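Subject: Structure handover

Hello,

Here is the structure for you to look over. My notes follow below.

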Amino acid sequence: LTSMELETNATPSQIENKRWVKNRTISVQATGEVSWPPDLLQFNMMISSTKDSFEAAQGSVKRRTDYILQVLRNNGIKDHDVKCSTEIIRGEQTVVYTDILVGCGSAAVCEQIRNKLMEKLDSSVQFSDVTCQHTLEARANKRQEVFKKAISNAKAKAESIAQTVGVQLGPALEVVELSENVQEEPQAQTWNHPQAERQSQPSHFVSLHQRVINCTVTYTSRVSTIFEVQPLRTCQHKKCSNKHS
């Protein structure tokens with residue numbers, strides 16, 4: 001189509017496509033989206049013992065701590081995923097608290113270990129709810145992934161336009177991220193120290209599976225791109241020349 005024929009006979013989409021390839025470039029915008037579940041699940045255990053002497057209280061806590069750590073190792077939890085801290089309170093009697101923080105990469109493993117320990121240990125060991133988190137490393141990786149996906153979608157859109165108007169898509173000349181967005185529901189830590197009174201109880205039970213779903217994060221990225229274009233006949237001529245040579 002000539003410029004005059006384009007204005008008088010072409011459809012609106014053809015006119016728009018012609019504008020897109022003005023100055024031998026195609027300019028398009030596109031969006032990428034990536035969702036992923038939490039990659040870190042954690043829960044706390046607080047072991048306490050009140051005895052007349054420090055040695056007796058410490059020994060009682062140590063026996064249960066050693067058992068817990070052995071169960072964790074048997075279930076594939078690495079030492080660097082477990083953090084322990086101890087607090088001692090002296091008075092008429094000595095109170096020893098040991099807090100164990102456990103991190104898991106799988107909801108199924110986390111639930112299995114927590115349930116097993118709750119069955120085997122008495123009320124002197126208190127358990128927090130499982131919390132779901134996204135590590136900084138995972139966030140950075142997904143941030144790059146969604147940006148690349150937006151660019152890939154833009155390229156696919158540009159290739160479709162180039163094919164429609166009969167030109168060959170060239171390299172990207174410009175890529176600008178117009179916006180980025182993160183959709184997530186922050187989950188508050190529900191651990192309470194044994195000395196603190198729980199202020200409120202949950203009104204209904206939410207399964208760990210549902211909490212993982214609720215904590216799924218979605219990243220979106222919108223980009224503006226400009227691609228160079230070449231006449232399709234030029235590219236075909238080059239292929240023919242290569243064949244003859």
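Is Y219 buried or exposed? Y219 is buried, at 8% relative accessibility. Buried means under 20% relative accessible area, exposed means over 50%, and partly exposed lies in between (1.4 Å probe, protein chains only).

First, how to read the notes. This is a predicted model, so local features need pLDDT of at least 70 and side-chain atom pairs count only at pLDDT 80 or more, while totals for chains, interfaces and linings use all residues. Residues are numbered from 1 along each chain as its sequence is written, and side-chain values use heavy atoms, with hydrogens and water left out.

Confidence
pLDDT is the predictor's confidence in each residue, from 0 to 100. The protein has a mean pLDDT of 81. In it, 77% of residues reach 70 or more. Two stretches need care. Over residues 1–10, pLDDT stays under 50, and the model has 8 contacts there beyond four places in sequence. Contact means heavy atoms within 4.5 Å. Over residues 188–203, pLDDT also stays under 50, with 22 such contacts. Where pLDDT is low, the predicted coordinates should not be read in detail.

The sheet
Helices (H or I, at least four residues) and strands (E, at least two) are DSSP runs, numbered from the N terminus. An open sheet is formed by 3 strands, in the order β1-β8-β7, with antiparallel pairing. Its edge strands, β1 (25–36) and β7 (167–183), each pair on one side only. From one strand to the next, the twist averages 20 degrees. Two strands pair if DSSP finds at least two bridges between them. Between β7 and β8 there are 13 bridges.

Helix α5 (residues 136–165) lies across β1, β7 and β8. It runs at about 145 degrees to β1. Axes are lines fitted to C-alpha atoms, for helices over the stretch in contact, and angles run from 0 to 180 degrees between N-to-C directions.

Y219 lies in strand β8 (residues 217–231). Leaving aside neighbours within four places in sequence, Y219 contacts residues including W36, R139, V146 and V182. Y219 and R139 are 80 residues apart along the chain, and their C-alpha atoms are separated by 9.2 Å.

T94 lies in strand β4 (residues 94–104). T94 is buried too, with a relative accessible area of 5%. Beyond four places in sequence, T94 touches several residues, among them S49, F54, A57 and I89.

Best wishes
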